Each structure stands twice: as structure tokens, then as C-alpha cells.
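This note reviews the contact between two protein chains. Please keep the structure in view while reading the numbered points.

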2 protein chains.
Amino acid sequence: MNQKYRVAVVGYGNIGRYALDAIKASPDFELAGVVRRSLTEKQPSALQDIPVVTSIDALDKVDVALLCTPTRAVEEYALDILSRGIATVDTFDIHSGIVPLRRSLHAAAIAHKTVAVLSAGWDPGSDSMVRTLMEAIVPRGITYTNFGPGMSMGHTVAVKAIGGVEKALSITIPVGTGLHRRMVYIELAPGYNEAEVAQRIKQDDYFAHDETHVVVVDDVDQLIDMGHGVSMERKGVSGATHNQHLNFEMRINNPALTAQVMVCAARAALRMAPGAYTMPEIAPIDLLPGDREKWITKLC
Amino acid sequence: MNQKYRVAVVGYGNIGRYALDAIKASPDFELAGVVRRSLTEKQPSALQDIPVVTSIDALDKVDVALLCTPTRAVEEYALDILSRGIATVDTFDIHSGIVPLRRSLHAAAIAHKTVAVLSAGWDPGSDSMVRTLMEAIVPRGITYTNFGPGMSMGHTVAVKAIGGVEKALSITIPVGTGLHRRMVYIELAPGYNEAEVAQRIKQDDYFAHDETHVVVVDDVDQLIDMGHGVSMERKGVSGATHNQHLNFEMRINNPALTAQVMVCAARAALRMAPGAYTMPEIAPIDLLPGDREKWITKLC
């Protein structure tokens, strides 16, 4: 492992920050640089000794790009970067959009002889691999995915968009059998009525289907914690035998795990045939660096 | 999925029996027949309407063979069947022998343009896939695999081989951090001394390294239960972030799960390039029948 793969981080929000850590800790990758939308603001101190550019073209020899962008920007960035023959990894998480995105990125990846790994966070992502394995080895039955307790990025963004909300935090609480309670903490903007704002939040499509509680607080920032978790349970039938119980549980720092999964997916991307892949389409061993036989000895 | 793959079951012990169930429940497989060492005994009623033969050559158009044989017989059967261009799946479980077996079967599979999936039970097997994923997404840390409570086939066979033991059952009890207690239930042969037999069991290499208790009972058969389980825990570091906790837990019927994993591995074998593979080398989606996009929509 003399020659390291060169990786670009596109976007420098929460995930981008943790992606730098994951790249630094990986024996087989080196950071080519960070791509940001604009360089007008002063760069954070963590980026001081790192090439920061506004176009991936300005970076030297990039093998793979981690798209740490908002989910709705993924396709545009991915198609652009794939067209330069550079592999991409993203954490696209709009469930109904995954198959269409895979088709779109697949065509681009084939055309430019490269690889895209999409929806490669923890859910969708590593959780999807576990759900797939559970479905295979217990083919009849029900899988419940119970998220939390932890901050939901998507729900928090949705609350912030509602009139009268100054700052917000939406926490997901698992109540079992794949159902969730939403605990929404907000700072109220001056002149707004608490009951009316709470009503608008509960009517929003993100919250209308779940039990939702809105709590007004003085300082939302004091409540923010990046810890998250999941419990995936499957009970069902293998062959003709009932009562097979499987459970996968995690308690993790959310952006740290997301960034680590992206780095694993980048490694797989550089080993696979041209095309676009979701995580269940990747052999787990391809997520690990170095020699296969060493891992088989350790992990089988 | 009009044309079903034809599968042969080689060996009709515990796993072989459950393999028939798993094949019957699979939409994409049909049973070609069962291969047994000898046909001199009366066949069990479950095999009444099934072709039972002593050589796989006597079965019509076999695509893949499930080797439900003792682990030490796997290599000989696999090499023979691979040489006929038929894919094989086994549950070889001697840890230090997996890499050498993979090399041996790989050469044969390449030579005969077919596929072998080895060590495809639940441990080694599906557990190995989960351990691999855990290692990838939390690259620094420790994984503990805690087995049981449940009957250990290997340990039970080892006890039975000891002088003075008429019948035996060895149960594995997890005591945490990958350590295990062995509860050994035996029927004593006439004329043997309980304390002496217990001593010999505890000195056997299968038991010498674990806390072992030997209990003499009147009727071992009354204690036998095929339920088993595992809890795999990993705590460690993603990127630079500590305190990432992962846990995978199962409570399952042992031979039923083993047989189901074998059928899943057979499906993957028929999709992969020639060669030999362990379970972590298989993309989880290849364990499932039918259309990829349908599974991606359901499981991502």
C-alpha cells in the first residue's frame, strides 16, 4: 500500500468536517483538498494547511470525491464529477429518489468508466446492508427499523423553515415497531404565538404522521448532541422454522459514522466495475483496506 | 423467474433435513435430489418422493450442491463436485483451515469455470459478514463474539469421543467479552467413575481453556434443544471519534438458519464470476432472489 488514493471532500458542513478525520485515519487514502462553493469568507483553522478550491479541477489527481453536500444537490455534483472520470460517494437520503438516482448515476459512470456509490451513510447505507442480510437469512417476517434517540437533521431543517421559528432541534424517539415520537425544541421569533407555531409544525408533512411535541426553550444550542442510534429487529421464518430473532443496534456519533461509511464506500468504489451501486450491492470485504486473506483469517 | 435453479443436497443429517425446507420455501430453486453415502437402510419418510442417490452424477442437471457433510469431508466432496462444473456451498468451520480451503477450492473452481462458496453457515458465515461491516465502519476497537446459550455441535462430538461417555450434550454459555462457559451433560457408560470421566473431559483441548462443568444425567435426549444465539459487540473509533457502539444479536434455530444461509449462498454462487468466496466477499443483495431495484426500494 505505497501509493495512496487521493480523495476530495466536496462541501464542508458537519459531514465534511468528520470526513477529514476519517481520511486522515485511513491507511490507504490521502486528502487531495476540499471543494467549497465560495472562498470569500475566512477559512476555518482546520482548513489552514489544506488546498481549498471552488472547483475540483483545481485539485491535483483526484481518484474519488466524497459529496458532503445537501442531499438535493447530490445528483448535479455527482454527474459533473463523474463526467471528469472521478468516482463519487454520496449520502443521498430521499428514499423514493434512490432508484432514479442510481439509474442516472449508472449511465454517467458507465459512460465515463468510473464508479458512483450512492446513499452511503448509515441509513440509508450500512443499515441497508444489515437489513438486506436479515431479509436473506430470515426470508419471511417483518423488519422494524427504530431510530434514535437522536437529532434528525431532516426534521430539524423542516422545522426551521416554518414561520415563527428562530432556531430549532428535532429529536427522534423510538416508540417501537418502527414508529417514532418527534420532540421539537424551538426558539420562538419575537411577536409569534407559541400555540400557533406549534400547530403549524404539527401540520407539516414531516410531522403530521407522528406523535409530535413542541417545546419552546431559551437556547436550542445547549441541547444539541450528535449522538444517535438505531435498533433494527427482524422476527420471522428460515425455511419452515419460525421464531428466528435478529437484532442490530448502534449508539453512535452521527456525522462521524456517516463520514467513516463514506470513506469505506470510496475504497469499494475504486475496486468495482464501472457503474452505480448502493451499499447492499457491495461485498463487505471491499469496504476494508489491504489484503483479503488477512481479513478472512481475522473475520471469518 | 420461470426456470428454477436445480440444487442437490449432499448428506442428510441435521443440516440436510433443514436444507430441504429452505429449498422448498425458495421461489428460485428446486430440489434435484439428495446424495447419501449408502442406500442400504430404509429411507426416512421425508425422502419418499425425492430422488435419493449415492452419486451426484445420478441426478439430472444440477446447478449447485449444498454440502451438508461433516466439516472434515468438505474439501474432498467440494473438489469432486466442482470438477463436474457444479457450484458448491459448504459450512466448513475449522477456523485455521478457511484460507487454505479457499485457495484449494478457488483453483478447482477457476479450472472448471464454476463457483464455490465456503464457510457459509451463520458462524463462520452471516456473522462474518456482520463482523466485516462492523470492522469497516468502526476501524479501531475490539469486537467480542459471544455465542449461546445453545448446543455446540463441535464440542458435543468431542465429548462423545471420550472414554466412559455414553451420550453427551455440550452447551455454550456466554460469559461476556468473547469468553464462554461449557456446560457438559453426559450419560455415563457402565463401570466408569464420574470424577475420572469429568477430569478427562476438562483436560480435552476443546474444554481446557474454558470454565467447564460436567453433569451426569439419566437421559441426555430430554435436554436437546436446537435453539442457539450470538451477540457480537464492537466498541471503537470512527475517524477520530471514540465511543461508537455496535451490537448484532440473534436467537435462532441453529440448523434452520445454517440451511437458509446455504441456500442464500447458493443463489450468490450462481451469479458470481468463477472462483471461491467466503461470505464477506459476497454483496448482500446477491443473497436475495429476483430483481435488484425492487430490493433497493425496499431495503435502502
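The points below concern the interface of chain A and chain B.

1. This is a predicted model, in which local features need pLDDT of at least 70 and side-chain atom pairs count only at pLDDT 80 or more, while totals for chains, interfaces and linings use all residues. Residues are numbered from 1 along each chain as its sequence is written, chains are lettered from A and ligands numbered from 1 in the order in which they are written, and side-chain values use heavy atoms, with hydrogens and water left out.

2. Chain A and chain B each give 60 residues to the contact (heavy atoms within 4.5 Å). Together they bury about 5,300 Å², of which 65% lies on carbon and sulfur atoms; buried area is the accessible area (1.4 Å probe) that two parts lose on being put together, summed over both. Of the area that chain A buries against chain B, 12% comes from A:L133, A:L299 and A:C300, more than from any other three residues.

3. Eight salt bridges cross the interface (a side-chain nitrogen of Lys or Arg within 4 Å of a carboxyl oxygen of Asp or Glu). One of them joins B:R102 to A:E293, with the closest N and O atoms 3.9 Å apart.

4. Strand β13 of chain A pairs with β13 of chain B (residues 241-253) in the antiparallel sense, over seven bridges. Strands here are DSSP runs of E, at least two residues, numbered from the N terminus, and two strands pair if DSSP finds at least two bridges between them. Within this region, A:E249 has B:N247 as its bridge partner in β13(B).

Terms used. Helix = DSSP H or I, 4+ residues; strand = E, 2+ residues; numbered from the N terminus.
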